[in-house]
Amino acid sequence: STLREELLKEIGHLEERKEEAVKAAANCSAEHFQNLFLFLEGLQKRLTALPPTLRSMKTDYASLRSQVRNFSDFYGAAINDAKRQISAAINEMSEANKDLLEKYRKEVALRRKYHEQLVELKGNIRVLCRVKPVLKEDQHEEGQSVVVTTDPNNESSLSVMSKGKDRIFELDKVFHPQATQEEVFQEIEPLVTSCIDGYHVCIFAYGQTGSGKTYTMEGSVENPGINQRALKQLFNVIEERKDMWTYTVTVSSVEIYNEVLRDLLSKDGEKLDIKINPDGTGQLHVPGLRVIEVKSFQHIKKVDISRRNRITFGTQMNQHSSRSHALLCITVEGTDLASGSKTTGKLNLVDLAGSERVWKSGAEGERLKEAQNINRSLLSLGDVIQALRARQTHIPFRNSRLTYLLQDSLGKGSKTVMVVQVSALESNVGETLCSLKFAQRVCKVELGPEDMNAPIPKVCVAPQCHSLTEVRCVE
Ligand SMILES: Nc1ncnc2c1ncn2[C@@H]1O[C@H](COP(=O)(O)OP(=O)(O)OP(=O)(O)O)[C@@H](O)[C@H]1O
């Protein structure tokens, strides 16, 4: 019975534990059920929200598809539209351009006319004077005085003190010793540009040895003279006009020494001759002369146009005196793009041989012959310019190689500038007076139609200025 009691007790415990286990399982499953229910509820909510999102995605997709389908059509249309707009703008611009070009042409023609009037007013033959500044190396004697003075109120006059007397010279323009290369160039710039319009222009530097002729024409690397500035200006104008004109620029360079012509651009300085052109135009030409085409200002720098090759011999006056004339000839051929008409202009830049008087340079034999040739050619140049300025019918071109060679460029319709270089020092006063008298001789000839028959002023005598022909300087 004890066993039975114990078994019953055990059963009772087991019953209790079973009930506890059942209770715990019931609790647990209720909790699971609750969680499951909540999860299901959430899922249900999300499922209900899904169809509208899907619907909107579907529409987006459909619209995207149709956009892709329409894109190429749209793209083509947009390009065509842009093309239309661009071509309309181009047409408008080219119309405006045509208008501008027309206005520009008119302006250029007007400028040319005014330029012509200006040159005519100033005279087709002009005589300028440049006074060389006193450099240290020129003052051989201490305290040498300056005898040449310019007038700040009158830019066409200068005075020279000689033998206690002040002599006044009237020229077209006088450059004071401090005048810059730029100022000198400014004065002749219109002439330079006129060669582009088909004119023949000559620019001469005249004066005694060492008076600055080469400085004025060639200058130095830092301070270039007329030659370089003229070429630069020519190419500037050619660039400005490139829409209307095309130009070909050629250069040649000769030296005249003892009435013999040599090519300065050929290596061996070939001797040359002046002949009548066989083309029947009656114009002169120099067979065998080297002519170089230059495309730009930069290009000209590569062509040696300096007078380095010139024949120079020492004289008592200057160890490196230049005893020859050096000519740089620039030819500009233009073609009008619209009409096809052509022009040919020439710019002759001439660095003349020293003009000092033969006995002063102590010349004998060959040197005397050389000096005589120089004087004779300078004198014939003076005669030619004087005759041209006086509008005489006979112009003595054939009296020297120099004037013969330049005949085409010195004749009717051409323009000439003579830059007379003088020293301001007392020791050079004789030569200075001679050069100024040469200048004045040319300058005094009146211009203009009413003066065409006026007598040429008498050229007179100064004891220190005996030239080799009958023409003498004025006292
Ligand atoms: N306006 C100036 N300013 C500064 N230096 C000058 C000027 N003019 C001339 N010179 C200098 O004076 C010297 C002589 O000048 P340049 O050689 O030009 O004389 P030139 O008349 O050509 O002589 P030549 O007859 O021997 O050729 C040179 O050293 C030159 O640089």
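The model is predicted, so local features need pLDDT of at least 70 and side-chain atom pairs count only at pLDDT 80 or more, while totals for chains, interfaces and linings use all residues. Residues are numbered from 1 along each chain as its sequence is written. Helices (H or I, at least four residues) and strands (E, at least two) are DSSP runs, numbered from the N terminus.

**Annotated binding site**

- The "binding site" annotation, taken from an unreviewed UniProt entry, covers Gly-207, Gln-208, Thr-209, Gly-210, Ser-211, Gly-212, Lys-213 and Thr-214; UniProt positions are in the numbering used here, feature names are shortened, and annotations may be inferred rather than shown by experiment.
- Gln-208 sits in the loop between strand 6 (200-207) and helix 3 (213-217), whereas Lys-213 belongs to helix 3.
- A residue is buried if 20 or more other C-beta atoms, placed from the backbone, lie within 10 Å of its own, exposed if 12 or fewer, and partly exposed in between; Gln-208 counts as buried because it has 26 C-beta neighbours inside 10 Å, and Lys-213 counts as buried because it has 29.
- Two residues are in contact if their C-beta atoms, placed from the backbone, lie within 7 Å; not counting residues up to four places away in sequence, Gln-208 touches Gly-354, Ser-355, Glu-356, Ser-423, Asn-428, Glu-431 and Ser-435, and Lys-213 touches Ala-205, Gly-207, Asp-351, Leu-352 and Gln-421.

- Leaving aside neighbours within four places in sequence, the contacts of Cys-129 include Leu-158, Phe-175, Val-420 and Ala-439.

- An open sheet is formed by 3 strands in the order 2-3-4 with antiparallel pairing, where two strands pair if DSSP finds at least two bridges between them.
- Strand 2 (148-151) and strand 4 (165-170) are the edge strands, each pairing on one side only.
- Strand 3 (residues 154-162) is joined to strand 4 by 6 bridges, and Met-161 stands opposite Asp-166 in strand 4.
- Helix 9 lies across strand 2, strand 3 and strand 4, running at about 140 degrees to strand 3; axes are lines fitted to C-alpha atoms, for helices over the stretch in contact, and angles run from 0 to 180 degrees between N-to-C directions.
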